[in-house]
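Student: I am new to this structure and would like a guided tour. Could we look at it together and talk it through?

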Amino acid sequence: MTNLRIKWALFIFTVLLFGWYLLPTIRFYQLPSDDPNALKVPAAAESTMTSGNVPNPNQPPSLTSNPPPGLTPTTPGETPGALDQAANPTGHWRGSADPAVAKLRENAMKLGLDLQGGAYLVYEVDLSKIPAKDRKGDEVDRAIEIIRNRVDQFGVAEPLIQKQGQTRIVVQLPGETDPARAKALIGKTARLEFRLVKTRQELFQALAKIDQVVAQGGIAQDSAFADTSAVDSLIAGKNPFSGLFQASQNDAGFVYCPAENLDKAKAYLRRIQPDASRPAVLPGSTILLWGERAFGSRSGNPGQYLYAVSAASDLTGEHVADAQVSFGLEPARPNAAGISLTFDKRGSAIFTRLTGNNVGRQLAIVLDNTVKSAPSIRDKIRGGRASITGIDTDVEAKDLGIVLRAGALPTDLTLQAESTVGASLGADSIHKGILASVVGFLAIAAFMVIYYQMSGSLSVLALILNVFYLVATLGMLRGTLTLPGIAGIALTIGMAVDTNVLILERIREELRGGKTVRGAVEAGYSRAFTTILDTHSTTLISAVVLFQFGTGPIKGFATTLMIGLVANLFCAVFFTRLVYDSMMARRQLEKLSI
Amino acid sequence: MHEIFVGTRYKFMAKRKYFYALSLALTLMTIISLVAHHGPRKSVDFTGGNVMTVSFNPPAKVDDVREAVEKEHLESAEVQMAEENSQAIIRFRAAGQDSINVFNRFQAQMNTKNVTTTFRSMESVGPKIGKELEQKAMLAILWSQLLILVYIAWRFRRWSFGLGAVIALFHDVMIALGVLSIFNREISLTVIAAFLTISGYSVNDTIVVFDRIRENIGLLRRMTFAEVIDKSVNQTLSRTVLTSGLTLLSVISLFFLGGPVIHDFALALLVGFIVGTYSSIFIASAIGMDLSNWWVRRKARAEARTTKATVAAGS
């Protein structure tokens with residue numbers, strides 16, 4: 001009797017313990033899945049003012065030491081703060097930043113990306129772009145740190161960023177509704193550099209060099225041009241490359257390439273620098289970089305500028321202490337968002353010297369080898385501030401601010417694999433997965449009760465307990481339920497039924513053999529147990545192998561299967577036996593309903 | 001008390017040649033289908049590429065979808081309609097294409113046909129990762145079979161039975177693969193997971209029978225090996241049929257109600273479980289018996305030879 005009491009106490013203890021771990025999961029999924037305030041789309045942040053000289057549209061905006069009054073410095077957290085808040089409002093819903101909800105979310109069982117929607121991205125860190133002597137061995141870890149910073153600022157709840165193997169990074173963004181934006185944000189190298197724009201003379205030297213290479217190199221192997229006649233006539237001319245451009249009116253180190261010549265110009269340039277991320281150094285330590293887009297693009301001609309800039313970068317993003325979105329930086333587009341940069345101490349010293357020594361020249365602000373803008377230096381700039389303009393949308397500006405604050409990646413990342421699930425499919429999958437599990441379960445339960453009567457009902461109770469322990473354990477381990485995970489639960493139910501049937505059939509057999517109820521139950525359990533141990537071991541072998549080799553969702557399947565197997569031993573063997581023993585402890589059973 | 005398959009005395013071993021023939025025929029069918037389809041049809045998980053699924057409201061015309069896809073100039077694009085044309089699965093290869101932009105342009109195209117398109121999912125796998133996943137999947141299958149073989153050989157002290165179980169489960173997975181191939185279904189990572197589950201399940205079933213054989217060998221010393229096996233299979237028959245039937249209930253429910261994402265997974269399980277039950281009744285122990293008989297005979301012959309040799313030497 002005391003033995004039974006101890007066992008019941010142990011059983012009740014586990015139920016309470018696992019119930020405690022299940023509680024956050026239940027409470028969390030009772031919360032609404034969407035932000036109740038989400039409909040209130042924040043009004044596009046208003047620009048504060050318009051003033052300043054009307055610029056010549058053909059001329060890049062100028063860089064002055066005194067920004068127009070009322071614009072800068074942006075109070076940190078003011079405008080960007082409003083945007084941030086929109087992405088992460090507080091309130092009682094699952095994605096809320098409310099500390100109570102966050103705690104619940106942390107302790108609840110999570111839904112996999114395939115169930116709640118989200119993006120699963122696999123990046124390869126391209127170490128080949130770093131010269132061997134510059135490699136420090138921690139590039140991947142640094143990249144992870146920077147990605148984490150960026151994603152955190154982006155405001156995704158529960159992102160998961162992990163190293164996989166030697167050079168791979170897996171990023172999981174649950175519930176992310178705009179994967180394109182997330183990808184742009186993560187994948188951007190964000191190498192910010194300030195480079196002096198070369199003189200017109202130096203520019204023409206560089207262009208002449210490419211003319212020469214193109215004219216000598218022929219064009220045959222370039223598949224980009226099917227129409228060789230047009231190309232031949234170009235090569236026949238003296239300036240196959242530079243002939244594609246229009247010189248600007250002023251004496252500046254950039255030329256304009258009209259839209260119709262863009263493809264050709266880019267293909268020619270590839271001849272001399274096959275990898276756009278490593279610009280070739282041309283005579284006069286000049287490199288050629290494309291502009292973000294033509295300034296004229298808004299007036300209808302989507303051509304692009306090509307800049308000759310100094311091969312040595314004069315100041316880099318390393319020295320940026322802060323980068324905030326601010327409005328009205330471009331007098332021509334007062335409503336456009338830009339970025340106000342604040343340099344650190346050293347950066348501001350370099351910037352002061354750089355601007356002081358080069359008054360009258362243009363300074364290119366280069367992001368990932370694209371010239372964002374190239375304002376003219378009007379006078380020496382003290383105070384360590386600069387701004388980036390020429391940004392299309394507020395969102396782009398916000399994201400650029402994020403990547404600049406988080407810092408540049410040590411090298412380029414390439415997206416190797418991606419899996420994005422829309423929220424609608426996720427919701428569908430949950431629905432169908434649960435429906436299938438419930439229907440399967442009910443069918444099994446009905447059969448068990450009809451076929452084995454009281455004993456069958458006890459088995460059904462054991463099945464329910466099994467699922468209870470399984471889900472609670474997932475919550476306890478802060479595990480993730482995926483769609484294959486639901487399939488794993490369905491399979492666990494199958495395994496659990498098997499265990500129960502094995503025991504019940506064995507008991508029936510022993511009863512037929514003439515044993516008393518007590519004897520049959522005892523023999524049934526002990527004889528079935530070896531078999532149960534064997535079946536569980538082999539299934540566990542498959543599950544462990546699956547876990548070891550599987551990726552993402554498949555791991556979820558293996559996890560639920562493993563937990564389910566262990567839970568099953570407890571429910572089908574320990575719990576049901578306990579009930580039989582308790583029934584027989586009170587009185588001698590003549591018959592067993594089985 | 002409801003009972004099925006109790007007290008049966010089927011002579012399974014005597015008829016094992018027919019079941020071998022049936023299994024061989026099914027395996028052959030698999031091989032023929034695989035050859036005809038030029039190997040298993042691998043999903044993007046292994047080949048690399050993109051799969052985009054979208055849903056339409058109202059259901060779209062196939063031609064409209066194809067037209068919209070063609071405008072994208074995607075490499076080897078392929079459109080498959082699902083759920084009565086309210087969904088489409090679009091496969092394509094696109095080096096360096098931003099997959100989401102592909103959807104955005106596709107959506108705009110469909111808008112012109114007055115069809116609202118919703119993004120369901122996108123999967124893109126680079127060829128490098130695909131290769132790796134394929135290797136991993138093969139390794140996973142090989143390892144699980146090897147470990148199961150070792151486990152059974154250890155538990156039953158007989159390699160013949162370990163081999164019997166592994167041959168049976170290999171046969172189950174092959175036939176599941178064959179059925180998927182006949183229906184021209186893709187082999188994805190999830191389907192590989194199904195194969196591994198089939199392995200686990202098939203071995204599970206087989207072990208129940210083997211355990212009974214082990215138990216009976218000790219009890220029924222007067223019976224021949226074949227008789228012991230027949231008795232063991234008969235004794236466990238009700239359990240085998242019951243659990244298989246009940247497990248099938250949950251798989252059938254997954255197959256019909258689980259939705260398109262796990263449809264292939266459920267199909268593989270369905271076939272695998274049915275064949276798994278069949279093989280653990282008719283094939284696994286038969287092979288185990290034949291292998292161990294063959295082994296005993298070989299040993300006997302070898303012994304006879306050595307005895308003869310010693311007799312000859314002695315005379």
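Student: Which pattern does chain B follow when read along the sequence?

Tutor: Happy to start there, and please keep in mind that this is a predicted model. Chain B has ten helices and four strands. Read along the sequence, they follow the pattern α-α-β-α-β-β-α-β-α-α-α-α-α-α.

Student: Is chain B spread out or compact, and what is its radius of gyration?

Tutor: Along its principal axes, the C-alpha trace of chain B spans about 95 × 60 × 30 Å. For 315 residues the globule rule gives 20 Å, and chain B is well over that, so it is more spread out than a compact globule. The radius of gyration of chain B is 26 Å.

Student: How far apart are the C-alpha centres of domain 1 and domain 2 of chain B?

Tutor: In the domain assignment, domain 1 of chain B is made of 13–41 + 129–302, and domain 2 covers 49–125. The C-alpha centres of these domains of chain B are separated by 40 Å.

Student: On the side of chain B that touches chain A, how many residues are charged?

Tutor: The contact takes 53 residues from chain A and 56 residues from chain B. Among the elements that give two or more residues to the chain B side are β1 (49–57), β4 (116–125) and α7 (189–219) of chain B. That side divides into 26 nonpolar and 22 polar residues, and the charged ones number eight.

Student: Which residue in β4(B) is the bridge partner of A:V421?

Tutor: Strand β16 of chain A, residues 413–421, pairs with β4(B) in the antiparallel sense over five bridges. In β4(B), the partner of A:V421 is B:S121.

Student: How many residues in the contact of α5(A) with α6(A) are nonpolar?

Tutor: These helices of chain A pack at an angle of about 145°, with their axes 9 Å apart, and the crossing is right-handed. The contact includes A:I147 and A:F154 of α5(A) and A:L185 of α6(A). Its residues divide into one charged, no polar and, to give your number, six nonpolar.

How values were computed
Residues are numbered from 1 along each chain as its sequence is written. Chains are lettered from A and ligands numbered from 1 in the order in which they are written. This is a predicted model: local features need pLDDT of at least 70, side-chain atom pairs count only at pLDDT 80 or more; totals for chains, interfaces and linings use all residues. Domain bounds come from an automatic or database domain assignment. Two residues are in contact if their C-beta atoms, placed from the backbone, lie within 7 Å. Ala, Val, Leu, Ile, Met, Phe, Trp, Tyr, Cys and Pro count as nonpolar, Asp, Glu, Lys and Arg as charged, and the others, Gly among them, as polar. Two strands pair if DSSP finds at least two bridges between them. Axes are lines fitted to C-alpha atoms, for helices over the stretch in contact, and angles run from 0 to 180 degrees between N-to-C directions. A crossing is left-handed if the near helix is turned anticlockwise from the far one by less than a right angle, and right-handed if clockwise. The radius of gyration is taken over C-alpha atoms; the globule rule is 2.2 Å times the number of residues to the power 0.38.
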